[in-house]
Amino acid sequence: MERRAFLKTIALVPAVGAAPLRPIANPAAPGPAFFTPQESAFIDAALARLIPNDELGPGAKEAGVAGFISRQLGGPYGRAQTWYMQGPWREGTKEQGYQLKLTPAEFYRSAIEDVDQHCRGAYGGKNFAELDAASQDKVLHGLEKGDIKLARVSAKQFFDMLWHNTREGFLADPMYGGNRDFAGWKLIGFPGPRYNYVAEIEQYGKPYGLPPVGLMGRDPNRRIG
Amino acid sequence: MREIALLIVATLCTASAWAEPMHSAIERGRYLAAAGDCAACHTADGGKPYAGGRPVPTPFGVIYSTNITPDKETGIGRWTEEQFYQAMHEGISADGKHLYPAFPYPWYTKLSRDDVDAIKAFLDALPPVREENKQTALPWPFSVREVMAGWNTLYFHKGEFKPDPGQSAEWNRGAYLVEGLGHCSACHTPKNIAGGLKTGQKLEGGYGENWYATSLTNDVRDGLGDWTLDDIVQYLKTGANAKAAATGPMAEVIENSTQHLNDADLRAIAAYLRSVPGRNEAKSPETDKQRLARGEALYIDQCSGCHMEDGSGQPQVFPPLKGNAVVQAREPGAMLHMIIDGARIAATKSNPTGLAMPAFGWKLTDQDIAELATYLRAAWGNKAAPVAVSDVKKTRDRVAKAARAQ
Amino acid sequence: MATRLPAVDVALVGFGLTGSMLAQELTDAGLKVLALERGGFRDTVPDFAIDHIQDEYRYAVRDDLVEEPERETLTFRNSADQVALPMRHIGSFRPAVGAGGAAVHWNGQTWRFLPTDFRMRSHTLERYGKKFVPEGMTIQDWPVTYEELEAHYDKFEYLCGISGKAGNLGGKIVDGGNPFEGARKRDYPLPPLKRSYATVLFDKAAKEVGLKPFPCPAANTSKPYKNIYGVQMGQCTFCGYCEWFGCGNYSKASPQSTIFPVLLKKTNFELRSHCNVLRVKLDGSGKRATGVTYVDEMGREFEQPAELVILCAYTTHNIHLLLLSGIGKPYQPGKGEGVIGRNYAYQITSSVDVFTDEILNPFMGAGSLGQAVDEFNGDNFDHGPHGFIGGGYIALWTTGGRPILQHYLPQDAPRWGSGWKKAMKENYLKACSIATHGSVMSYRDAWADLDPTYRSSYGDPLLRLTFDFHDNEHRMSNFLTDKAAEIGSAMKPRAMHVKQRKGHYSIVPYQTTHNTGGAIMGSDPKTSALNRYLQSWDVPNVFVMGACAFPQNHGYNPTGTVGALTYWAADAIVNQYLKRPGPLVHA
């Protein structure tokens, strides 16, 4: 006999106790891949500079962050599903935050095109992905500081968004497709979302001994979606 | 089943109704009906109390409970005391048909005539509900009710309870309750393929409603051997004690039935159960270090947030797994069921919280669960046999069956 | 055409913390209580279950438990000469939606205000004179005293199972507790939590600079706990997934873990979820509420008659509903008239990041695991030399080390690239942060009203906030930050980053979900919306709960005081109002 909804007798009340003991759907779940091949080329190149592969370990590209961002843009985040997207749209102060009509997916699409257009202008017809590492860094610094004027979107705003999403992909649970093989967590020493440190919290100064675990377990290759 | 408990409590005066001497037959009958947990089967989900229509899953198919309100057309309003006694004592309906032992007449046969009459008085006092009985259609040959005559010959031992003069009054009262109204062995004793009890393995654990019901013998590992009488009383009264918590069908038994029994009766049940001999056999847990290490990793990663890193749980909150009878049960089915599908502790008057464990079956593979369960049965001094992937698969099937039976 | 439903005794708008508490108290008093919640029902299992809740990306970055701006947001500007624009995604504060409200995803930091806080205006004038309350600062005395609320603070603490150490028992200062707190009758129900390393280092340093640190009062249980309603809670295991997350093992106080098990079984209680209240309906006189109208998830409109209507939604939503329903005169700053929207305030925070040589394991934490000093809160110090009023606590909290959002890097760390990787590797395990949590006074030019342009998904004008930090707050906050830096230096760090709160208030970075005021309690109906029992001056069968009642915001997290006021109001409703319905205070 399964457990019953103890409030089912009261007609309008939701079935409380009958709520399944299984988890509910995940609104942050990845959607279909968003980037076109040209956009992927940009993203791969940008990620390789933002968090490079080096002697400290894998970088964003190796950690699968490109796929993470692509699939997030293909999902509710990319669609700005939870954002207030009613008009009218006006430019505000920086204290008033994001005021664009563009969803993140639309923003990326415009921004990547704008950046490539800038690169072609500044670097003899080459897209960002075709530049050497030093030039790519220069472009990224320029975007970061807002020194580069893009055709449509704010360079600084794009850099901030891209950098945020890159860090998210590098450090989120690997079930979202990034942080492959716990690359991000191993770099910093985060043992994953564990739930009991009662015995360890008073062992002051001692490193924590267990390896990283994701929500799906110690195998970082188990995904969702 | 919480709404049934709600209704039972609502139809009762107050908790003191139990403690007061039950002068009237109706009051006595109400108490005995709670002890027998009649409402649980005879009330459908969202249905009126005792009006029947609940699908009771059995290995032979689904059997629908009947309307036992005093409605004259659709209930048992026309039944005489004699006819009601015949149903309870012999498993024969007023129209002469054999009843299926999903209705536990093999246990209710032990009731005294007085007690049966009191239950009838209580039922007669209920509001009559017009509700046609749903037709039960078991596959052949079980559809032929006369088949039950043969089954009865093999497995039904008719007769009222006979006290054992060598035992105390308390023990006899406990035996009367456990072997009669409580019908505990209906789940807690293994059954043969015909659904008859393996009487040589009394209360050693069995299946009921797709859940494994653990041993109630005094086996120290998988039974009640290291429980005190107070432990048992507290469990039946509140739904939990320092060693265990009731989930699954037992949670509903406690909510609907045992939490309403008086302390003396609960102690009697405890005294009787502690006398039921267990095997106390030697057990062979897993010894492969690598397998145990994988199980331990799963435990720390997935389970220690509630059951704590050393398996000691948080007593009265999350049961300890160390020394736990469900973990060390001969069959791991109940433990596996909880890991796969989650569990909710009984919510009683004394402990209304109903703490819950989520389902892990969606994110652990059969292999994971087998290794985790094997580890639990070998850790912290626990001793029980390893768990196979096939055990996990079988339990997933049972979980699915239980969900379909809703 | 709205369908008219059978009447109830009490209609509660919102089923968060205050709604749950009132439902429990008023059903115990025998009333038929209906709670209307615009979000869905939520419970520990399955919604915050330990199998999936510890997911930073989903809950802290993608805000799964937080109210979607798409559903309801507000518009914001710093000053009246700007055009207010919508808060298009979650930023400065994170209101909730769904059963349990923000008390599901809070940290559990639970404080009492100081006795002098409740006499903010008169105490300041007495001690410092008129000059200290600048023109345009509209602080008021609360119409209740700390002493009147003490028993209700106590009840709230015993509801939640607060872990802490009393510092003032019946007037006697107790070593190890907060020596500045108001007198309390008894200690907290649970002892303080085990300490993390960073809080131990802070404790030592604070003592070295002559301060008296104490454990922060925590709604994270240090032991299994059975509360005042017989509901059983577990014990906190320091997972570090408190704020933005539901608690997976019943050890953070929330309506789910402290009230639901007893409340939801009651036959005189009903919850209707996915039902958004549109208006409180008034009769022809405008002085009596007849009930509420609401729309369900199918878009059908209902009229729900009720004898008593209590607004239990979030601060901003309560103000919004009062304005939309025409209860109380809307505040107009130019004229200085009106009460709904008046005295909106917030919190001013800053921090000092501290980088150690030793491993701190920041991921071992709890939402309220912290050590604090209170020397610079309220009027615990002489403001004379400083020329500002207000203050705040300074605490080192170890709430967790969630990698995406909870890491600290030194000021000179490269922002990206290999240098960033190196900085992350070298600092993640060896960094912590000292936080200051400052008061914000009320001002004539900080208020809430209805936006003229933007609308919610329900079709109503959004609430508009006009708010900025004032000079008083900046100077106070900088003072606190300097004090925090002193303690930080005494921790002998290898590096320190002092982060003063600079510039205008921005809606972008998260600060606190401590929006206060807008429907304040007071002694004068000309300058307050509610009397001392949180009863509307204008419509006596409407009560309004929550931090919207604060005349100004003090230097502590608001929830403890919100809880105390709720029990205080419940007591007044049950023991006074029900016996004689009508205004409880005659101004």
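Predicted model: local features only at pLDDT ≥ 70, side-chain atom pairs only at ≥ 80, totals over all residues.
Chain B is divided into domain 1 (21–129), domain 2 (172–273) and domain 3 (289–405). Between domain 2 and domain 3 of chain B the count is one salt bridge, joined by 13 residue pairs in polar contact. On the domain 2 side, strand 4 (211–213), helix 11 (229–238) and helix 12 (248–256) of chain B each supply at least two residues, and helix 12 gives the largest share, four residues. That side divides into ten nonpolar, eleven polar and six charged residues. In all, 27 residues of domain 2 of chain B are in contact with 31 residues of domain 3. The two domains bury about 2400 Å² between them, 54% of it on carbon and sulfur atoms. Look for Asn210(B), Tyr212(B) and Arg221(B), which supply 27% of the area that domain 2 buries here, more than any other three residues.

Now let's move to where chain C meets chain A. This contact takes 84 residues from chain C and 85 from chain A. The buried area is about 7200 Å², with carbon and sulfur atoms giving 65%. Within chain C, Arg88(C), Trp416(C) and Lys421(C) lose the most area to chain A, together 13% of what that side buries.

Five salt bridges are counted between these chains. In one, Glu202(A) pairs with Lys194(C), the closest N and O atoms being 3.8 Å apart. There are also 31 residue pairs in polar contact. Helix 10 of chain C gives the most to its side, with six residues.

Methods:
Residues numbered from 1 in each chain as written. Chains lettered and ligands numbered in written order. Heavy atoms only, no water. Contact = heavy atoms within 4.5 Å. Buried area = accessible area lost by both parts, 1.4 Å probe. Salt bridge = Lys/Arg side-chain N within 4 Å of Asp/Glu carboxyl O. Polar contact = N/O pair within 3.5 Å; in protein donor to acceptor, adjacent residues only side chain to side chain. Domains from an automatic or database assignment. Nonpolar A, V, L, I, M, F, W, Y, C, P; charged D, E, K, R; others polar.
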